[in-house]
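Trainee: I am new to this structure. Please take one part, the salt bridges, and go through it closely.

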Amino acid sequence: MDKEIIIVLDFGGQYNQLIARRVRECNVYCEVHPYSLSPDKIKAMNPKGIIFTGGPNSVYGEDSPLCDKAVFELGVPVLGICYGSQLMAHVFGGRVATAPVSEYGKTEVEVDTAKAIFKGVSSKTVCWMSHTDYIESVPEGFVVTAHTPVCPVAGMENAEKGLYAVQFHPEVMHTQEGITMLRNFVMNICECRGDWKMDSFVESAIRDLRERIGGGKVLCALSGGVDSSVAAVLLSKAVGKQLTCVFVDHGLLRKNEGDEVEAVFGPEGPYDLNFVRVNAQERFYGKLAGVTEPEAKRKIIGEEFIRVFEEESKKIGAVDFLVQGTIYPDVIESGLGKSAVIKSHHNVGGLPDYVDFKEIVEPLRLLFKDEVRKAGLELGIPDYLVFRQPFPGPGLGIRIIGEVTPDKVRIVQEADYIYREEIAKAGIDKELGQYFAAITNMRSVGCMGDERTYDYAVALRAVTTSDFMTAEAAQLPWDVLGKVTNRIVNEVKGVNRVLYDCTSKPPGTIEFE
Ligand code: XMP
């Protein structure tokens, strides 16, 4: 049976991976490719459907990404989203112009529920808009399928040619019935069967890894995070002691984390692998001294990590394979490079230059995070590791605003530990996507036991999110916040104030730097 595939063509928007994720939620395999992928190559992949993403450009811009009209003539349904919808209109001779009123945020859209794409959707539905241009008039052969008071063409289609377009973003959660719309496109319009499942992934991955690695020596950088842990266990199941895992403790981990990682993957743990822990705290603090700019901090941590890893691997000697816990979002972000860079993620493209290895193994490179978690469960990795909160590669370095010092690391570790402890006690940890403490660069005056204090403010962050691309600030119970605040100011030396971050993403990000 042929594997069904939907192709997403990336025009540089921020939510492009989300589109692929939503398609995979329909159990249909989906890949993201650059917008410039030729119609011939697309045809060779035999897709069931094509989705054009949004993007920051205007179709009239000098360097704007355009598309070959032949893509629309492959006999495959196409859905254009935001910029993708404007491009479709432009290519077919419709009129795209700067909207007199730009729409940004949740917007009520009136849709024609008789159309296949809006089947089962309410006639007035809240959608996420983010555009300055709009389609002023549709091309010949197209009809308007959705509108708002200020956007005459929030949706259009030429059903005969299999062409559909929406101005808003059905892939983000803020579009309340967006998943229904995407499902309509994938299952009804593209007529996919939806038989792509994760069950057999682990089995076939282990088989493929054994075949590829044979008797070779394998090296893995283990962070203790979900991705590298799943990759390591997969490799250890496939090739056992041929694998060595190197765990670099950069001194920017959460309280006790280094020991926890060692307890699972070290000699006392359940896995049959070689484990090396490098305590490189002082080295990282030295390099970070005096550095305040967020991107500079990220780069230093990323580079230093690689240097330490290289030094350790030289001690191990020549290896045949280097394992990377790369997952699909990393592949998309580093490979296509069209989206505006908001933050550089140091685990992306950060390959050591001098490690003596022959090949890279990336067993998770086609999986999204939730799929990696499913694989982890299948491998028997304990729940508490599989459902760990995401923790950024640069660690507490980007939760310490301004210069990183050992004392600020201590403060943020202690405060974060208390926060996590109280959240767990209150039994609300499962409801939150991510929560942590950060230390602001602000010191303010307080008074403790009749003494004046001039100490740091700690910021607490908690978000609900399903995809980490968008997030809402969580409405934590006031008594929990009060308890955490009391404990932090009483128990953590150097803190006299606790603030709660109410910002959603966008416009904020989840981490502070
Ligand atoms: P932002 O702050 O961009 O974070 O809203 C989105 C998610 O990504 C995590 N994050 C990182 N993960 N390396 C990582 O592996 C990084 O450099 C990095 N920076 C942010 C963040 O914790 C959140 O889950």
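Mentor: What follows is a walk through the salt bridges, with a short note on the cysteines at the end. The model is a predicted one. Across the whole structure, a search finds 35 salt bridges.

Start in helix H1, residues 16-25, which holds both Arg22 and Glu25. Their side chains form a salt bridge, with 3.1 Å from N to O. Arg22 is buried, because its relative accessibility is 3% and the limit for buried is under 20%. Glu25, at a relative accessible area of 33%, is partly exposed.

Another salt bridge joins Glu257 and Arg254, at 2.7 Å from N to O. Here both partners are buried.

The side chains of Arg388 and Glu260 also meet in a salt bridge, at 4.0 Å from N to O. This pair links distant parts of the chain, as the two residues are 128 apart. Arg388 sits in the loop between helix H12 (383-386) and helix H13 (406-425), while Glu260 belongs to helix H7 (residues 257-265). Arg388 counts as buried at 13% relative accessibility, and Glu260 is partly exposed at 43%.

Some salt bridges join up into a network: Glu421, Glu422, Lys425, Lys483, Arg487 and Glu491 are linked in this way.

As for the cysteines, the count of disulfides is 0. The sulfur of Cys245 has its closest cysteine sulfur in Cys220, at 4.3 Å, so the two are too far apart for a bond. Cys245 is buried, with 0% relative accessible area, whereas Cys447 is exposed at 63%.

Note on methods:
Residues are numbered from 1 along each chain as its sequence is written. This is a predicted model: local features need pLDDT of at least 70, side-chain atom pairs count only at pLDDT 80 or more; totals for chains, interfaces and linings use all residues. Side-chain values use heavy atoms; hydrogens and water are left out. A disulfide is a pair of cysteine sulfur atoms within 2.5 Å. Buried means under 20% relative accessible area, exposed over 50%, partly exposed in between (1.4 Å probe, protein chains only). Helices (H or I, at least four residues) and strands (E, at least two) are DSSP runs, numbered from the N terminus.
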